[in-house]
There are 2 protein chains.
Amino acid sequence: MANNLKGNAVVGQSGGPTSVINQSLVGVIQEVQKCGHIEELLGSRHGVRGIVDEKFIPLKNLGMDLLERVAQTPAAALGSTRDKPDDKYCDRIFASLRKHNVRYFFYIGGNDSADTARIVQNLAERENYELRVFHIPKTIDNDLRVHDHCPGYGSAARFVAAAVMGDNFDNISLPGVKVDIIMGRNAGFLTAASVLARRNSQDGPHLIYVPEAPLTEDKFLADVDAAYKKYGRCLVCASEGVAGPDGKTWTERLASGLDVDAHKNVQLSGLGALGDAMAELVKKKLGIKRVRADTFGYLQRSFPGFTSSVDAAEARLVGKQAVLFSADDSNRQGSVAMRRVPDSQYKIETFLTPLSSVARETKHMDASFIDGGNNITDAFRSYALPLVGGLPPVGWLDESI
Amino acid sequence: MANNLKGNAVVGQSGGPTSVINQSLVGVIQEVQKCGHIEELLGSRHGVRGIVDEKFIPLKNLGMDLLERVAQTPAAALGSTRDKPDDKYCDRIFASLRKHNVRYFFYIGGNDSADTARIVQNLAERENYELRVFHIPKTIDNDLRVHDHCPGYGSAARFVAAAVMGDNFDNISLPGVKVDIIMGRNAGFLTAASVLARRNSQDGPHLIYVPEAPLTEDKFLADVDAAYKKYGRCLVCASEGVAGPDGKTWTERLASGLDVDAHKNVQLSGLGALGDAMAELVKKKLGIKRVRADTFGYLQRSFPGFTSSVDAAEARLVGKQAVLFSADDSNRQGSVAMRRVPDSQYKIETFLTPLSSVARETKHMDASFIDGGNNITDAFRSYALPLVGGLPPVGWLDESI
């Protein structure tokens with residue numbers, strides 16, 4: 001491990017925030033404070049937009065007391081962005097980095113951020129400007145290729161599992177049909193985490209719908225009807241991205257005039273329409289009276305004081321590792337990924353994977369995780385359980401009967 | 001303190017569950033295990049319905065390990081009910097209590113439950129049957145008369161304050177208008193707790209709307225417009241029961257065909273229509289692009305592992321106190337209330353208030369808690385802060401600038 005390239009570094013945060021994205025930021029800062037090859041560490045305000053607008057905060061000299069509190073705080077402390085840079089935008093990013101003698105660029109984000117990092121790195125290479133670019137993963141969707149799982153997911157999964165656990169008891173107390181809408185446009189990992197709420201065969205969620213398993217109205221109604229007859233109640237967890245066999249999301253089918261973002265995605269989060277429509281359907285078609293819906297919304301990514309300790313530690317780790325990897329001249333670029341150490345209790349190791357292997361396309365739930373189009377398998381439970389870092393202890397009087 | 005009346009006791013839970021309602025149940029069980037005057041303690045399944053249907057669980061011999069886990073678990077472990085007993089129903093309750101030699105009836109619930117307790121107690125008196133009836137308060141709405149505050153409120157308030165705290169950081173990260181809809185049909189206490197999320201004058205919530213302050217569409221839009229111009233973003237917290245000057249709720253005005261419960265209340269919870277409508281209004285009338293809404297829903301009352309330690313202890317206490325009060329022959333009936341000990345740091349004492357003083361009508365936010373129809377005062381902050389038992393530590397980079 002040798003490094004002769006000295007210069008400044010920029011770190012930025014991008015995309016939908018998570019509750020541990022600042023752990024990664026603090027990991028970068030802490031490691032830069034210790035390392036020799038990075039002179040100044042500039043925090044870019046609102047991701048790449050801050051680079052273009054030259055809005056930087058110097059981060060190298062911040063004290064540990066503040067940093068530890070920032071690390072525990074959800075959402076992007078540097079500000080985030082939804083900008084999707086085109087080639088021209090990337091030219092401007094590169095020009096600004098060059099101007100500020102930036103030799104290291106750390107970008108915390110999802111697959112779109114990895115792609116931006118990749119383009120900027122390519123530009124620098126073409127211009128013969130030595131620039132090392134590292135992508136630090138974050139996404140509650142858990143949908144990055146190559147990565148075993150992504151920082152941000154474990155905490156969101158813990159929130160979802162606990163919320164559904166509580167809602168299951170609520171649904172036992174006052175029986176009826178309850179529909180919970182959970183984030184996840186294309187990947188069902190977060191919705192699938194609701195399976196962790198079950199203690200026994202009577203517990204909800206009784207039905208779990210992910211985007212990977214096409215769902216017709218008829219199947220949905222037949223499922224709810226059967227579960228309601230069996231349990232005297234029914235708790236449903238559905239991804240916001242649940243879609244029909246034609247690939248159209250239920251939300252698109254049910255609503256028009258919805259927002260479209262810079263990535264041409266229809267707005268699925270931040271509104272309650274899907275849950276309300278599913279509840280209405282159950283009321284009308286099955287004649288069940290007590291039907292309610294909740295849309296968990298942004299709380300899944302931004303609720304403070306309830307993160308997964310495992311997720312928090314891993315988010316810190318990948319930030320630190322990015323700086324450590326950057327100290328080695330042979331690492332020109334990459335995304336800091338985690339994989340499980342085989343033949344061990346849950347334990348991970350990090351490695352660098354090329355930006356192109358993570359950029360753009362995303363990962364879906366493996367078919368082995370989905371059961372019958374309305375349930376989640378034990379294989380998924382084994383995969384996800386270590387990531388949430390424990391769930392609150394609960395007990396119920398049925399244990400005494 | 002003397003007691004010659006020996007017999008069985010029934011305990012039941014009623015109304016919307018809270019995350020500490022089982023603390024009160026466990027308080028009752030623990031104290032009954034120690035006392036001499038109660039022979040068997042019967043847990044009634046689903047409130048008064050279990051009494052009528054004679055569905056009881058014997059509770060006196062349950063072990064502490066299970067009880068402590070039940071106490072930490074949200075929702076009503078005995079099951080709850082929305083039944084609103086009429087005179088005939090109350091006759092049947094009384095007949096069942098008499099049949100099972102029940103001399104003590106502990107009913108955990110809100111103002112409707114206090115009213116049911118009152119009617120049953122009156123019936124017993126008329127029939128010359130010695131029956132002691134105690135109401136144990138619970139409500140996240142915090143709207144019981146006489147009571148300084150109600151068990152269940154502190155934990156729901158903690159959840160709301162933390163959720164809004166996180167959402168404020170999310171809203172800084174990705175600026176826009178965000179509307180959060182918080183439970184509370186007639187009383188704004190829970191929505192007002194969102195004020196605890198503010199660290200400084202820039203933080204959201206920038207606007208807080210409670211049912212007690214009539215809100216017109218024009219005022220709402222002018223408020224959002226002004227806040228958005230001032231802060232470059234706007235975080236709104238609104239009660240689900242927010243209403244116009246004519247007393248009609250915004251939800252009633254915006255939607256038709258909504259559910260009506262046994263108490264003739266329109267369904268406001270368990271749907272996202274109000275938040276969506278408010279967000280739509282801002283988009284259309286103010287032309288702001290990034291507008292989102294979340295409806296916190298049942299999570300406010302049922303999220304596990306995030307209760308207020310103060311609330312949990314007080315909920316346990318009022319359950320225990322009900323049994324202790326029942327040991328005194330001079331206490332025929334009453335609701336176990338809390339008041340603050342004057343001239344002290346936050347400290348409460350319990351007392352018995354007649355059922356009729358708590359039954360039926362509810363309490364509203366004092367005018368001194370509301371500021372300009374869109375904000376909450378420091379007087380409320382002082383009132384509410386001790387109840388949430390601390391909030392998660394957070395930090396932001398603006399503290400370094």
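I number residues from 1 along each chain as its sequence is written, and chains are lettered from A in the order in which they are written. Since this is a predicted model, local features need pLDDT of at least 70 and side-chain atom pairs count only at pLDDT 80 or more, while totals for chains, interfaces and linings use all residues; side-chain values use heavy atoms, with hydrogens and water left out.

**Entry 1: the A–B contact.** I looked up the contact first. Chain A puts in 72 residues and chain B 72 residues, with contact meaning heavy atoms within 4.5 Å. The buried area is about 5,500 Å², and carbon and sulfur atoms give 61% of that. Buried area here is the accessible area (1.4 Å probe) that two parts lose on being put together, summed over both.

Entry 2: I found two salt bridges between chain A and chain B (a side-chain nitrogen of Lys or Arg within 4 Å of a carboxyl oxygen of Asp or Glu). One pairs B:Arg301 with A:Asp170 at 2.7 Å, N to O.

On the side of chain A that touches chain B, elements giving two or more residues include α1 (21–34), α6 (153–173) and α10 (273–286). The most comes from α6(A), with ten residues. Helices (H or I, at least four residues) and strands (E, at least two) are DSSP runs, numbered from the N terminus.

**Entry 3: cavities.** My search of the whole structure gave eight cavities of 30 Å³ or more. On a 1 Å grid over the protein atoms alone, a cavity is a set of points where a 1.4 Å probe fits but cannot get out, and lining residues have an atom within 4 Å of a point. Volume is the space filled by probe spheres set on the points, which are joined across faces, edges and corners. The largest cavity has about 100 Å³ and 13 lining residues, with A:Gly272, A:Thr295, B:Leu271, B:Gly272 and B:Thr295 nearest its centre.

**Entry 4: backbone.** I noted a cis peptide bond between A:Gly204 and A:Pro205, omega about 5°. Another joins B:Gly204 and B:Pro205, omega about 0°. B:Ala75 has a positive phi, near 75°.

How values were computed
On a 1 Å grid over the protein atoms alone, a cavity is a set of points where a 1.4 Å probe fits but cannot get out, and a pocket is an open set with protein on both sides within 12 Å along at least five of seven lines; lining residues have an atom within 4 Å of a point.
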